[in-house]
Amino acid sequence: MTREGYMKVQIDQQRCRGHARCLDIAPDAFDFIDEEDRAIVVDDGVRRTDVAALIEAQEECPEQAIQLEADNVTDPEPEGPK
Amino acid sequence: MTTARSRDYTLSAIDHHADYFVEHNYEIYEELRAQCPIAHSTEYGGFYFFLDYDTVYDADHDPETFSNAPGRNTPPGESPPQFVPLDTDPPIHTQYRRIGVPYFSPKQAKKDEPYFRRIATELIDEFIEDGEADIVGQLTTPLPAIWILKMLGFDETRWREWVHWMHTMIHDRNSAEAKAAQGNLVGTVFEEINKRRTEGFRDDLLSVIMQGEVDGEPLPEHLIFTYAHLMLIGGMDTTSGLTGNALVSLDRHPDLRERLIREPSMLPKATEEFLRHDTPAQTQGRTVTKDCVYKGQQFNAGDKILLVHAAANRDPRVFPNPDEIDFDRKPNRQIAFGVGPHRCLGANHAKVMFEVMISEILKRLPDFRISGTPEYFGDGGDVWAVRRLPIRFTPGPRSQPNSQ
(Lines give C-alpha, C1' and ligand atoms only; values in the text may rest on other atoms or scores of the structure.)
Protein backbone atom coordinates (compact mmCIF):
# COMPACT_ATOMS: atom_id res chain seq x y z
CA MET A 1 0.00 0.00 0.00
CA THR A 2 1.15 3.53 -0.61
CA ARG A 3 1.32 6.18 2.09
CA GLU A 4 -0.63 8.74 0.17
CA GLY A 5 -0.10 12.28 1.23
CA TYR A 6 3.35 11.69 2.65
CA MET A 7 5.97 14.13 1.56
CA LYS A 8 9.69 14.08 1.08
CA VAL A 9 11.10 17.37 2.35
CA GLN A 10 14.47 18.86 1.50
CA ILE A 11 16.13 22.16 2.30
CA ASP A 12 18.52 23.71 -0.18
CA GLN A 13 21.40 24.51 2.15
CA GLN A 14 22.81 27.07 -0.27
CA ARG A 15 19.61 29.05 -0.10
CA CYS A 16 18.55 28.69 3.56
CA ARG A 17 19.46 31.82 5.53
CA GLY A 18 17.94 30.84 8.84
CA HIS A 19 14.73 32.89 8.70
CA ALA A 20 13.15 30.02 10.67
CA ARG A 21 9.66 30.58 9.32
CA CYS A 22 9.45 26.81 8.73
CA LEU A 23 10.05 26.13 12.44
CA ASP A 24 7.14 28.37 13.36
CA ILE A 25 4.80 26.77 10.85
CA ALA A 26 5.79 23.10 11.15
CA PRO A 27 7.80 22.78 14.38
CA ASP A 28 7.95 18.96 14.29
CA ALA A 29 9.24 18.77 10.73
CA PHE A 30 12.14 21.19 11.09
CA ASP A 31 14.99 21.80 13.48
CA PHE A 32 17.69 24.44 13.58
CA ILE A 33 21.46 24.34 13.79
CA ASP A 34 22.25 27.39 15.88
CA GLU A 35 25.96 27.57 15.01
CA GLU A 36 25.30 27.40 11.29
CA ASP A 37 22.22 29.59 11.21
CA ARG A 38 20.19 27.19 9.13
CA ALA A 39 17.20 24.88 9.30
CA ILE A 40 17.26 21.12 8.79
CA VAL A 41 14.57 18.54 8.12
CA VAL A 42 13.53 16.10 10.86
CA ASP A 43 12.36 13.03 8.95
CA ASP A 44 10.37 11.52 11.85
CA GLY A 45 8.71 14.85 12.41
CA VAL A 46 7.76 15.21 8.76
CA ARG A 47 5.64 12.08 9.13
CA ARG A 48 3.83 13.60 12.10
CA THR A 49 3.14 16.86 10.26
CA ASP A 50 0.09 17.69 8.18
CA VAL A 51 0.84 18.01 4.50
CA ALA A 52 -0.91 21.38 4.58
CA ALA A 53 1.62 22.65 7.12
CA LEU A 54 4.53 21.41 4.99
CA ILE A 55 3.14 23.17 1.96
CA GLU A 56 2.65 26.33 4.00
CA ALA A 57 6.25 26.14 5.24
CA GLN A 58 7.44 25.83 1.67
CA GLU A 59 5.30 28.72 0.47
CA GLU A 60 6.28 31.05 3.30
CA CYS A 61 10.04 30.45 3.08
CA PRO A 62 11.50 33.84 2.12
CA GLU A 63 14.46 32.15 0.44
CA GLN A 64 12.32 29.56 -1.39
CA ALA A 65 14.70 26.94 -0.01
CA ILE A 66 12.25 24.13 0.78
CA GLN A 67 11.51 21.42 -1.76
CA LEU A 68 8.57 19.06 -1.41
CA GLU A 69 8.06 15.87 -3.29
CA ALA A 70 5.25 13.35 -3.01
CA ASP A 71 6.73 10.31 -1.33
CA ASN A 72 4.49 7.51 -2.49
CA VAL A 73 6.69 4.67 -1.39
CA THR A 74 5.30 1.25 -0.64
CA ASP A 75 5.24 0.37 3.02
CA PRO A 76 7.10 -2.86 3.73
CA GLU A 77 4.48 -3.91 6.27
CA PRO A 78 0.83 -3.03 6.03
CA GLU A 79 -0.44 -0.96 8.92
CA GLY A 80 -3.14 -2.28 11.18
CA PRO A 81 -3.75 -3.92 14.53
CA LYS A 82 -1.37 -6.72 15.27
CA MET B 1 -3.63 60.55 1.26
CA THR B 2 -6.30 63.17 0.80
CA THR B 3 -4.61 66.01 2.58
CA ALA B 4 -4.56 69.36 0.82
CA ARG B 5 -0.94 69.86 1.84
CA SER B 6 1.14 70.85 -1.13
CA ARG B 7 3.95 68.59 -2.24
CA ASP B 8 7.31 69.85 -1.13
CA TYR B 9 9.44 67.41 -3.07
CA THR B 10 10.46 66.67 -6.65
CA LEU B 11 10.40 63.05 -7.76
CA SER B 12 13.74 63.27 -9.53
CA ALA B 13 15.49 64.62 -6.41
CA ILE B 14 14.15 62.63 -3.47
CA ASP B 15 16.15 62.97 -0.26
CA HIS B 16 15.31 60.06 2.02
CA HIS B 17 16.74 61.94 5.01
CA ALA B 18 14.50 65.01 4.49
CA ASP B 19 11.57 65.93 6.75
CA TYR B 20 9.01 65.36 3.98
CA PHE B 21 10.13 61.77 3.60
CA VAL B 22 8.95 60.77 7.07
CA GLU B 23 5.39 61.77 6.24
CA HIS B 24 5.27 60.83 2.56
CA ASN B 25 7.59 57.82 2.26
CA TYR B 26 5.01 55.35 1.01
CA GLU B 27 3.43 57.81 -1.44
CA ILE B 28 6.88 58.60 -2.77
CA TYR B 29 7.65 54.90 -3.29
CA GLU B 30 4.43 54.42 -5.26
CA GLU B 31 4.97 57.51 -7.38
CA LEU B 32 8.53 56.44 -8.16
CA ARG B 33 7.50 52.85 -8.79
CA ALA B 34 4.80 53.99 -11.22
CA GLN B 35 7.62 55.43 -13.35
CA CYS B 36 10.16 52.64 -12.97
CA PRO B 37 11.12 50.03 -10.34
CA ILE B 38 14.60 51.57 -10.40
CA ALA B 39 14.44 55.29 -9.71
CA HIS B 40 17.22 57.86 -9.77
CA SER B 41 17.69 60.76 -7.39
CA THR B 42 19.99 63.68 -8.10
CA GLU B 43 20.55 64.28 -4.37
CA TYR B 44 23.90 63.52 -2.71
CA GLY B 45 25.68 63.40 -6.07
CA GLY B 46 23.16 60.92 -7.45
CA PHE B 47 21.93 57.51 -6.30
CA TYR B 48 19.27 54.90 -7.12
CA PHE B 49 16.23 53.55 -5.31
CA PHE B 50 15.44 49.87 -5.94
CA LEU B 51 11.73 49.59 -5.27
CA ASP B 52 10.03 46.42 -6.41
CA TYR B 53 10.29 43.02 -4.80
CA ASP B 54 12.34 41.22 -7.45
CA THR B 55 14.77 44.08 -7.93
CA VAL B 56 15.49 44.31 -4.20
CA TYR B 57 15.41 40.54 -3.66
CA ASP B 58 17.85 39.72 -6.44
CA ALA B 59 20.24 42.49 -5.40
CA ASP B 60 20.18 41.17 -1.82
CA HIS B 61 21.32 37.83 -3.26
CA ASP B 62 24.08 39.30 -5.43
CA PRO B 63 26.72 40.66 -3.03
CA GLU B 64 29.37 40.39 -5.74
CA THR B 65 27.63 43.18 -7.65
CA PHE B 66 25.99 45.04 -4.75
CA SER B 67 28.56 45.34 -2.01
CA ASN B 68 28.13 46.06 1.70
CA ALA B 69 31.67 47.43 2.11
CA PRO B 70 31.94 50.67 4.13
CA GLY B 71 30.75 53.73 2.28
CA ARG B 72 27.60 51.95 1.09
CA ASN B 73 25.28 54.51 2.66
CA THR B 74 23.91 57.59 0.92
CA PRO B 75 25.51 59.91 1.80
CA PRO B 76 28.51 57.76 2.81
CA GLY B 77 29.80 60.23 5.38
CA GLU B 78 33.44 61.01 6.07
CA SER B 79 35.62 57.92 6.58
CA PRO B 80 32.69 55.70 7.53
CA PRO B 81 33.49 53.04 10.15
CA GLN B 82 33.17 49.38 9.23
CA PHE B 83 30.36 47.81 11.23
CA VAL B 84 30.88 44.07 11.31
CA PRO B 85 29.39 41.77 10.20
CA LEU B 86 27.08 44.13 8.25
CA ASP B 87 29.65 46.15 6.29
CA THR B 88 31.43 43.12 4.84
CA ASP B 89 30.68 40.80 1.93
CA PRO B 90 30.82 37.01 1.76
CA PRO B 91 32.93 34.97 2.22
CA ILE B 92 34.54 36.87 5.13
CA HIS B 93 31.11 38.12 6.19
CA THR B 94 30.16 34.56 7.07
CA GLN B 95 33.07 34.32 9.50
CA TYR B 96 32.15 37.54 11.29
CA ARG B 97 28.52 36.54 11.43
CA ARG B 98 29.22 33.06 12.83
CA ILE B 99 30.74 34.63 15.96
CA GLY B 100 27.42 36.04 17.14
CA VAL B 101 24.89 33.94 15.32
CA PRO B 102 24.30 31.10 17.86
CA TYR B 103 23.15 33.65 20.44
CA PHE B 104 20.35 34.91 18.18
CA SER B 105 18.91 31.58 17.08
CA PRO B 106 15.18 30.87 17.00
CA LYS B 107 15.58 28.45 19.91
CA GLN B 108 17.39 31.05 22.00
CA ALA B 109 14.67 33.60 21.22
CA LYS B 110 11.99 31.18 22.43
CA LYS B 111 13.97 30.51 25.60
CA ASP B 112 14.12 34.24 26.24
CA GLU B 113 10.35 34.70 25.98
CA PRO B 114 9.61 34.40 29.75
CA TYR B 115 12.33 36.98 30.41
CA PHE B 116 10.80 39.38 27.88
CA ARG B 117 7.37 38.86 29.46
CA ARG B 118 8.73 39.62 32.91
CA ILE B 119 10.36 42.85 31.73
CA ALA B 120 7.20 43.85 29.83
CA THR B 121 5.09 43.16 32.93
CA GLU B 122 7.35 45.30 35.11
CA LEU B 123 7.41 48.14 32.59
CA ILE B 124 3.61 48.10 32.19
CA ASP B 125 3.24 48.03 36.00
CA GLU B 126 4.94 51.42 36.05
CA PHE B 127 2.07 53.12 34.20
CA ILE B 128 -0.95 50.77 34.25
CA GLU B 129 -2.59 52.67 37.16
CA ASP B 130 -2.21 56.03 35.41
CA GLY B 131 -4.58 55.47 32.49
CA GLU B 132 -2.11 57.18 30.19
CA ALA B 133 1.42 56.61 28.93
CA ASP B 134 3.90 57.25 26.18
CA ILE B 135 3.84 53.61 25.17
CA VAL B 136 6.92 53.95 22.97
CA GLY B 137 8.99 55.73 25.60
CA GLN B 138 7.77 53.55 28.47
CA LEU B 139 7.53 50.07 26.93
CA THR B 140 8.63 49.49 23.35
CA THR B 141 11.89 51.43 23.68
CA PRO B 142 13.12 50.11 27.04
CA LEU B 143 12.36 46.42 26.53
CA PRO B 144 14.66 45.73 23.56
CA ALA B 145 17.26 48.13 25.00
CA ILE B 146 17.32 46.34 28.38
CA TRP B 147 17.65 42.99 26.59
CA ILE B 148 20.56 43.90 24.32
CA LEU B 149 22.45 45.64 27.13
CA LYS B 150 22.04 42.54 29.30
CA MET B 151 23.16 40.34 26.35
CA LEU B 152 26.32 42.39 25.92
CA GLY B 153 26.94 42.29 29.66
CA PHE B 154 26.43 46.04 30.18
CA ASP B 155 24.52 47.65 33.07
CA GLU B 156 20.97 47.49 31.75
CA THR B 157 19.66 49.88 34.40
CA ARG B 158 21.41 52.62 32.39
CA TRP B 159 19.18 51.98 29.37
CA ARG B 160 17.93 55.57 29.29
CA GLU B 161 21.44 56.93 28.67
CA TRP B 162 22.18 54.35 25.98
CA VAL B 163 18.89 54.98 24.21
CA HIS B 164 19.54 58.71 24.26
CA TRP B 165 23.00 58.24 22.75
CA MET B 166 21.78 55.85 20.08
CA HIS B 167 18.77 57.92 19.07
CA THR B 168 20.79 61.10 18.90
CA MET B 169 23.42 59.43 16.73
CA ILE B 170 20.98 57.73 14.38
CA HIS B 171 18.24 60.31 14.04
CA ASP B 172 19.96 63.67 14.63
CA ARG B 173 23.13 62.59 12.97
CA ASN B 174 24.56 66.00 12.14
CA SER B 175 23.95 67.74 15.45
CA ALA B 176 26.62 68.74 17.98
CA GLU B 177 24.70 66.57 20.43
CA ALA B 178 25.33 63.57 18.18
CA LYS B 179 29.08 64.11 18.50
CA ALA B 180 28.79 64.21 22.29
CA ALA B 181 26.58 61.11 22.28
CA GLN B 182 29.08 59.28 20.13
CA GLY B 183 31.88 60.23 22.50
CA ASN B 184 29.94 58.84 25.46
CA LEU B 185 29.03 55.64 23.66
CA VAL B 186 32.53 54.98 22.36
CA GLY B 187 34.00 55.70 25.78
CA THR B 188 31.61 53.39 27.60
CA VAL B 189 31.98 50.47 25.18
CA PHE B 190 35.80 50.69 25.35
CA GLU B 191 35.57 50.80 29.15
CA GLU B 192 33.66 47.52 29.00
CA ILE B 193 36.19 46.02 26.57
CA ASN B 194 39.05 47.03 28.87
CA LYS B 195 37.28 45.59 31.93
CA ARG B 196 37.17 42.21 30.22
CA ARG B 197 40.79 42.48 29.16
CA THR B 198 41.92 43.17 32.73
CA GLU B 199 39.38 41.20 34.80
CA GLY B 200 38.78 38.28 32.42
CA PHE B 201 35.97 37.30 30.11
CA ARG B 202 32.43 36.81 31.35
CA ASP B 203 29.36 34.99 30.17
CA ASP B 204 28.20 37.73 27.82
CA LEU B 205 28.08 38.63 24.14
CA LEU B 206 30.87 41.21 24.35
CA SER B 207 33.20 38.50 25.67
CA VAL B 208 32.08 36.21 22.84
CA ILE B 209 32.89 38.91 20.28
CA MET B 210 36.26 39.57 21.91
CA GLN B 211 37.10 35.86 21.72
CA GLY B 212 35.83 35.47 18.17
CA GLU B 213 38.25 34.78 15.34
CA VAL B 214 38.29 35.60 11.64
CA ASP B 215 40.91 33.89 9.48
CA GLY B 216 42.34 32.45 12.70
CA GLU B 217 42.97 35.88 14.21
CA PRO B 218 41.06 37.71 16.95
CA LEU B 219 39.20 40.82 15.84
CA PRO B 220 41.13 44.09 16.08
CA GLU B 221 39.90 46.44 18.79
CA HIS B 222 38.05 48.77 16.41
CA LEU B 223 36.04 45.88 14.95
CA ILE B 224 35.19 44.52 18.41
CA PHE B 225 33.79 47.98 19.03
CA THR B 226 31.77 48.18 15.80
CA TYR B 227 30.44 44.64 16.31
CA ALA B 228 29.13 45.61 19.76
CA HIS B 229 27.91 48.94 18.42
CA LEU B 230 25.98 47.21 15.64
CA MET B 231 24.27 44.97 18.20
CA LEU B 232 23.22 48.10 20.09
CA ILE B 233 21.92 49.78 16.93
CA GLY B 234 19.96 46.71 15.91
CA GLY B 235 18.68 46.08 19.40
CA MET B 236 17.62 49.55 20.33
CA ASP B 237 15.85 50.98 17.38
CA THR B 238 14.09 48.69 15.00
CA THR B 239 12.03 46.46 17.31
CA SER B 240 10.60 49.47 19.04
CA GLY B 241 9.99 51.01 15.62
CA LEU B 242 8.02 47.99 14.45
CA THR B 243 5.96 47.87 17.64
CA GLY B 244 5.19 51.59 17.66
CA ASN B 245 4.23 51.53 13.98
CA ALA B 246 2.00 48.49 14.57
CA LEU B 247 0.27 50.18 17.52
CA VAL B 248 -0.56 53.12 15.25
CA SER B 249 -2.07 50.65 12.77
CA LEU B 250 -4.04 48.85 15.52
CA ASP B 251 -5.43 52.20 16.69
CA ARG B 252 -6.58 53.00 13.14
CA HIS B 253 -8.14 49.58 12.59
CA PRO B 254 -10.30 48.49 15.55
CA ASP B 255 -11.33 45.35 13.65
CA LEU B 256 -7.71 44.14 13.62
CA ARG B 257 -7.37 44.80 17.33
CA GLU B 258 -10.64 42.94 18.01
CA ARG B 259 -9.44 40.00 16.00
CA LEU B 260 -6.13 39.73 17.88
CA ILE B 261 -7.98 39.87 21.21
CA ARG B 262 -10.47 37.24 20.06
CA GLU B 263 -7.91 35.02 18.30
CA PRO B 264 -4.53 35.34 20.02
CA SER B 265 -3.26 32.43 17.92
CA MET B 266 -3.27 34.83 14.93
CA LEU B 267 -0.43 36.81 16.44
CA PRO B 268 2.46 35.13 14.55
CA LYS B 269 0.71 35.79 11.21
CA ALA B 270 -0.12 39.31 12.32
CA THR B 271 3.55 39.82 13.18
CA GLU B 272 4.61 38.92 9.63
CA GLU B 273 1.97 41.28 8.26
CA PHE B 274 3.01 44.18 10.49
CA LEU B 275 6.61 43.56 9.44
CA ARG B 276 5.49 43.84 5.84
CA HIS B 277 3.18 46.82 6.21
CA ASP B 278 5.08 48.78 8.88
CA THR B 279 8.69 47.89 8.02
CA PRO B 280 10.94 49.91 10.34
CA ALA B 281 14.26 49.42 8.49
CA GLN B 282 13.12 51.07 5.29
CA THR B 283 16.33 50.96 3.26
CA GLN B 284 19.77 49.36 3.09
CA GLY B 285 22.64 50.92 1.16
CA ARG B 286 24.83 49.10 -1.36
CA THR B 287 27.68 50.10 -3.68
CA VAL B 288 27.88 48.74 -7.22
CA THR B 289 31.22 46.93 -7.63
CA LYS B 290 31.52 46.82 -11.42
CA ASP B 291 30.11 48.30 -14.60
CA CYS B 292 27.11 46.13 -15.37
CA VAL B 293 23.59 45.89 -16.66
CA TYR B 294 21.04 44.99 -13.99
CA LYS B 295 17.35 44.55 -14.81
CA GLY B 296 17.97 46.21 -18.16
CA GLN B 297 19.63 49.28 -16.72
CA GLN B 298 23.27 50.33 -17.00
CA PHE B 299 25.21 50.82 -13.74
CA ASN B 300 28.79 51.88 -13.17
CA ALA B 301 31.23 50.77 -10.50
CA GLY B 302 30.79 53.04 -7.50
CA ASP B 303 27.09 53.80 -8.06
CA LYS B 304 25.12 54.12 -4.83
CA ILE B 305 21.98 52.05 -4.37
CA LEU B 306 19.25 52.10 -1.76
CA LEU B 307 17.50 48.76 -1.50
CA VAL B 308 14.08 49.85 -0.28
CA HIS B 309 12.79 46.79 1.56
CA ALA B 310 9.80 48.81 2.78
CA ALA B 311 8.76 49.49 -0.83
CA ALA B 312 9.39 45.88 -1.90
CA ASN B 313 7.02 44.88 0.91
CA ARG B 314 4.30 46.99 -0.74
CA ASP B 315 4.90 45.72 -4.28
CA PRO B 316 1.35 45.19 -5.62
CA ARG B 317 2.50 42.41 -7.96
CA VAL B 318 3.61 40.33 -4.99
CA PHE B 319 1.23 41.57 -2.30
CA PRO B 320 -2.25 42.34 -3.69
CA ASN B 321 -3.80 45.42 -2.04
CA PRO B 322 -0.43 46.11 -0.45
CA ASP B 323 -1.59 49.03 1.69
CA GLU B 324 -4.21 46.87 3.38
CA ILE B 325 -3.26 45.00 6.57
CA ASP B 326 -4.49 41.43 6.11
CA PHE B 327 -3.46 38.87 8.72
CA ASP B 328 -4.64 36.09 6.37
CA ARG B 329 -2.33 37.12 3.55
CA LYS B 330 -0.92 33.96 2.00
CA PRO B 331 1.84 33.60 1.21
CA ASN B 332 3.50 36.47 3.01
CA ARG B 333 7.16 36.35 2.11
CA GLN B 334 7.83 39.81 3.50
CA ILE B 335 11.46 40.91 3.50
CA ALA B 336 11.54 43.41 6.37
CA PHE B 337 14.61 41.61 7.78
CA GLY B 338 16.28 41.46 4.38
CA VAL B 339 17.06 38.24 2.54
CA GLY B 340 20.32 36.60 1.55
CA PRO B 341 23.54 36.72 3.56
CA HIS B 342 22.67 39.87 5.52
CA ARG B 343 19.32 38.66 6.89
CA CYS B 344 18.82 40.50 10.20
CA LEU B 345 20.72 38.74 12.98
CA GLY B 346 18.17 39.79 15.61
CA ALA B 347 15.09 38.80 13.62
CA ASN B 348 14.06 35.90 15.88
CA HIS B 349 14.34 37.96 19.04
CA ALA B 350 12.62 40.93 17.40
CA LYS B 351 9.59 38.81 16.59
CA VAL B 352 9.35 37.31 20.07
CA MET B 353 9.73 40.73 21.73
CA PHE B 354 7.11 42.20 19.40
CA GLU B 355 4.65 39.41 20.16
CA VAL B 356 5.24 39.69 23.91
CA MET B 357 4.68 43.46 23.86
CA ILE B 358 1.57 43.34 21.67
CA SER B 359 0.00 40.49 23.63
CA GLU B 360 0.70 42.17 26.99
CA ILE B 361 -0.76 45.45 25.73
CA LEU B 362 -3.90 43.70 24.45
CA LYS B 363 -4.23 41.81 27.74
CA ARG B 364 -3.68 44.68 30.15
CA LEU B 365 -4.76 47.80 28.26
CA PRO B 366 -6.96 46.40 25.50
CA ASP B 367 -8.90 49.65 25.05
CA PHE B 368 -5.86 51.89 24.52
CA ARG B 369 -6.37 54.80 22.14
CA ILE B 370 -3.78 57.16 20.77
CA SER B 371 -4.45 60.43 22.59
CA GLY B 372 -2.18 62.81 20.70
CA THR B 373 -0.26 63.05 17.46
CA PRO B 374 2.28 60.24 17.06
CA GLU B 375 5.70 61.84 16.89
CA TYR B 376 8.07 60.24 14.37
CA PHE B 377 11.83 60.38 14.36
CA GLY B 378 12.97 63.23 12.14
CA ASP B 379 14.95 61.05 9.76
CA GLY B 380 13.00 58.12 8.33
CA GLY B 381 15.36 57.17 5.53
CA ASP B 382 17.07 54.40 7.48
CA VAL B 383 14.67 53.63 10.31
CA TRP B 384 11.10 54.88 10.04
CA ALA B 385 9.64 54.79 13.51
CA VAL B 386 7.48 56.48 16.12
CA ARG B 387 9.51 58.32 18.75
CA ARG B 388 6.63 59.19 21.10
CA LEU B 389 3.16 57.70 21.18
CA PRO B 390 0.80 59.12 23.80
CA ILE B 391 -2.08 56.77 24.67
CA ARG B 392 -5.01 56.64 27.11
CA PHE B 393 -6.70 53.53 28.49
CA THR B 394 -8.82 52.31 31.39
CA PRO B 395 -6.43 52.08 34.35
CA GLY B 396 -5.77 48.60 35.69
CA PRO B 397 -4.00 47.00 38.65
CA ARG B 398 -0.28 46.37 38.91
CA SER B 399 0.56 42.71 38.61
CA GLN B 400 3.24 42.95 41.30
CA PRO B 401 3.26 45.24 44.35
CA ASN B 402 5.41 48.32 43.98
CA SER B 403 8.83 47.38 45.23
CA GLN B 404 10.11 50.96 45.46
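Okay, some housekeeping. The model is predicted, so to speak of local features we need pLDDT of at least 70, side-chain atom pairs count only at pLDDT 80 or more, and totals for chains, interfaces and linings use all residues. Residues count from 1 along each chain as its sequence is written, chains are lettered from A and ligands numbered from 1 in the order in which they are written, and side-chain values use heavy atoms, with hydrogens and water left out.

Let's start with the sheet. Five strands of chain B make an open sheet, ordered β1-β2-β10-β7-β3, with mixed pairing. Strands here are DSSP runs of E, at least two residues, and helices are runs of H or I, at least four, numbered from the N terminus; two strands pair if DSSP finds at least two bridges between them. At the edges sit β1 (38–41) and β3 (66–67) of chain B, each pairing on one side only. Further in, β7 (residues 283–288) and β10 (residues 304–308) of chain B run antiparallel, joined by five bridges. Thr287(B) stands opposite Lys304(B) in β10(B).

Now to helix α3 of chain B, residues 92–100. Its buried residues are His93(B), Tyr96(B), Arg97(B), Ile99(B) and Gly100(B); buried means under 20% relative accessible area, exposed over 50%, partly exposed in between, with a 1.4 Å probe and protein chains only. Down the axis of α3(B) they fall within an arc of 145 degrees, so they line one face of the helix. That arc is taken from the directions from the helix axis to the C-beta atoms. And what do they pack against? The partners are α10 (205–211), β5 (213–214) and α11 (221–252) of chain B, where contact means heavy atoms within 4.5 Å.

On to the rings. The whole structure has 23 aromatic pairs over all chains. Rings of Phe, Tyr and Trp (its six-membered ring) pair if their centres lie within 6.5 Å; planes under 30 degrees apart are stacked, over 60 edge-to-face, the rest tilted. Tyr48(B) and Phe299(B) are edge-to-face, 4.9 Å centre to centre with 70 degrees between the planes. They sit 251 residues apart, Tyr48(B) in β2 and Phe299(B) in β9 (residues 297–299) of chain B. Tyr48(B) is buried at 14% relative accessible area, and Phe299(B) is buried at 0%.

Last one: ring pairs also link Phe21(B), Tyr26(B), Tyr29(B), Tyr376(B) and Trp384(B) into a cluster.
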